[in-house]
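Please read them with the structure open beside you.

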Amino acid sequence: MNSDELDYQQMNGLDLAYLGDAVYEIYVRQHLLAQGITRPQQLQRQSKQYVSAKAHAALFALMEADDVLTEEEMRYFKRGRNANSHTKAKNTDVVSYRISTGFEALIGYLYASHQIERLETLVSWVFTQVEDGKTKANGTNKK
């Protein structure tokens, strides 16, 4: 293991979520720019459909309903969701915030374990759900 290699199996849920938040943000920003959105205000507004805690909670509900995650992925999601965070949820309820942390931990796990093809498949699935309006029921696609 080189000095930059992450031992994801030993990382706690919050560390995985920290990493996953950054990785996921890059995918979302790249996706929005590829759609031709260039104005910062519009980019910020559109990104909320993908990166807010409410969006993550809605997406996780869809993942459960569609049985998208493997047992191992669910284990890492739960590691993040159940982590004892000392920060408070902003603009959302505690449950959505914890689910969001689990979602980010899942992304961090896939990235740190070098499962890039699976990560990109999952991110693509997420983009489809958002763009098909399937997260609207949770108020994440307000226009």
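1. H3 has 14 residues, and the distance from its first C-alpha to its last is 20 Å, close to the 20 Å expected at 1.5 Å a residue. Please keep in mind throughout that this is a predicted model.

2. Which residues of H3 are buried? They are Ala-53, Ala-55, His-56, Ala-57, Ala-58, Leu-59, Phe-60, Leu-62 and Met-63. These buried residues pack against H1, H2, H4, H5 and H6.

3. Ala-58 counts as buried because its relative accessibility is 4%, and the cut-off for buried is under 20%. Ala-58 and Asn-12 are 46 residues apart along the chain, and their C-alpha atoms are separated by 24 Å.

4. Glu-64 also belongs to helix H3. Is Glu-64 buried, partly exposed or exposed? With a relative accessible area of 49%, Glu-64 is partly exposed, since exposed requires over 50%. Glu-64 lies 10 residues from Met-74 in sequence, and the two are 9.6 Å apart in space, C-alpha to C-alpha.

5. The backbone just after H3 deserves a look. Asp-67 takes a positive phi of about 50° there, although Asp-67 is not a glycine. Most residues other than glycine have a negative phi. Asp-67 sits in the loop between H3 and H4, and its relative accessible area of 63% makes it exposed.

6. A second residue of this kind is found further along. His-114 has a positive phi of about 65° and is not a glycine. His-114 is placed in the loop between H5 and H6. Is His-114 buried or exposed? At 53% relative accessibility, His-114 counts as exposed, because the cut-off for exposed is over 50%.

7. The loop between helix H4 (71-81) and H5 holds Thr-92. Thr-92 is in a loop, yet it is buried, with a relative accessible area of 18%. What does Thr-92 touch, leaving aside its neighbours within four places in sequence? Thr-92 is in contact with Ala-53, Lys-54 and Tyr-97. Of these, Ala-53 is listed among the buried residues of H3.

8. Another threonine, Thr-101, is placed in helix H5. Thr-101 is buried as well, with a relative accessible area of 10%. Once neighbours within four places in sequence are left aside, Thr-101 is in contact with Leu-14, Ala-17, Gly-80 and Arg-81.

9. H6 has 16 residues and reaches 22 Å from its first C-alpha to its last, close to the 22 Å expected at 1.5 Å a residue. The buried residues of H6 are Leu-119, Leu-122, Val-123, Trp-125, Val-126, Phe-127, Gln-129 and Val-130. When you find these positions in the model, recall that an α-helix has 3.6 residues a turn, so residues three or four places apart point the same way.

10. What do the buried residues of H6 pack against? Their partners are helix H1 (13-34), helix H2 (40-51), H3 and helix H5 (94-112). After H6 comes Gly-133, with a positive phi near 80°.

11. Now the whole chain. Its secondary structure comes to 6 helices and 0 strands, and along the sequence the pattern is α-α-α-α-α-α. The C-alpha atoms fill a box of roughly 45 × 30 × 30 Å along the principal axes. A compact globule of 143 residues would have a radius of gyration near 15 Å, and the chain agrees, with 15 Å.

12. Burial and contacts can be given for the chain as a whole. Buried residues make up 43% of the 143 residues. Among contacts between residues at least 6 apart in sequence, 69% join residues at least 24 apart.

13. The chain has 17 positive and 18 negative side chains, and 12 Å lies between the centres of the two sets.

Methods: Residues are numbered from 1 along each chain as its sequence is written. This is a predicted model: local features need pLDDT of at least 70, side-chain atom pairs count only at pLDDT 80 or more; totals for chains, interfaces and linings use all residues. Side-chain values use heavy atoms; hydrogens and water are left out. Buried means under 20% relative accessible area, exposed over 50%, partly exposed in between (1.4 Å probe, protein chains only). Helices (H or I, at least four residues) and strands (E, at least two) are DSSP runs, numbered from the N terminus. The expected span of a helix is 1.5 Å times one less than its number of residues. Contact means heavy atoms within 4.5 Å. The radius of gyration is taken over C-alpha atoms; the globule rule is 2.2 Å times the number of residues to the power 0.38. Lys and Arg count as positive and Asp and Glu as negative; His and the chain ends are not counted. The place of a charge is taken as NZ of Lys, CZ of Arg, CG of Asp or CD of Glu.
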